[in-house]
Amino acid sequence: MTSTPASPWQPVCRRDEITAERIVEFRIQRPNAEPGSMPLSGFLFLDGDELRAYVNQCPHLGIELNWMPGRFMDSDNLFIQCSTHGALFKPGTGECIAGPCQGDALTALDTRIENGEVQIRFQE
Ligand code: FES
């Protein structure tokens, strides 16, 4: 899918592609990014009935969290876990509750559904 330059909302996938067990990865361009600059990666999932989306960047060293495609959760499937040093993040808020970046948080993205399509944007 392609983004609409005039809108901060960027399409990610169809709503019906999001299931309780599935984390969808995507690329997102920062607002006002230089033309040709690398997009960031992000991930999207259902937290109960709520859609949550975060930039895939650990606040500790700024590197991607997951160690396999689509694998972001700890072994108990309760917290998002950074694969590098094991920091744990609450899925609902992105707050780090254990690890070297305790007290920091993942960068949350806004989500919405338009005509059955999930869209995201950076929070203002
Ligand atoms: S890079 Fe994520 S906890 Fe260190």
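Two strands count as a pair if DSSP finds at least two bridges between them. Strands (E, at least two residues) and helices (H or I, at least four) are DSSP runs, numbered from the N terminus. The views below come from a predicted model, where local features need pLDDT of at least 70, side-chain atom pairs count only at pLDDT 80 or more, and totals for chains, interfaces and linings use all residues. Residues are numbered from 1 along each chain as its sequence is written, and side-chain values use heavy atoms, with hydrogens and water left out.

**View 1. Here is the annotated stretch, residues 9–120.** UniProt lists these residues as "domain: Rieske" in an unreviewed entry; its positions follow the numbering used here, feature names are shortened, and annotations may be inferred rather than shown by experiment. Over this stretch the chain is 38% strand and 0% helix, and the end C-alpha atoms are 5 Å apart.

**View 2. Let us follow strand E3 and its partners.** Five bridges join E3 to E2, and the two run antiparallel; Arg27 has Ser41 in E3 as its bridge partner. E3 also pairs with E4 in the antiparallel sense, over six bridges, and here Phe45 stands opposite Arg52. E3 and E4 form a hairpin with two residues between them, and Gly48 in the turn has a positive phi of about 70 degrees.

**View 3. Next comes strand E1 beside E9.** Four of the five residues of E1 are buried, so the strand is largely enclosed by the rest of the structure. Four bridges join E1 to E9 in an antiparallel pairing, with Val118 in E9 as the bridge partner of Cys13.

**View 4. Now look inside, at the largest nonpolar core.** A nonpolar core is a set of buried Ala, Val, Leu, Ile, Met, Phe, Trp, Tyr and Cys residues joined through side-chain atoms within 4.5 Å. The largest has 16 residues, and Ile18, Phe26, Leu44 and Leu109 have the most contacts inside it. Strands E1, E2, E3, E4 and E9 each supply at least two residues of this core. A second, separate core of 15 residues includes Phe43, Cys58, Phe89 and Cys101.

**View 5. Finally, meet the open sheet E5-E6-E7.** Three strands lie in that order with antiparallel pairing. E5 (80–81) and E7 (96–98) stand at the edges with a single partner strand each, so one side of each is left without a neighbour in the sheet. Two bridges join E6 (residues 88–89) to E7, and Leu88 has Ala98 as its bridge partner.

Note on methods. Buried means under 20% relative accessible area, exposed over 50%, partly exposed in between (1.4 Å probe, protein chains only).
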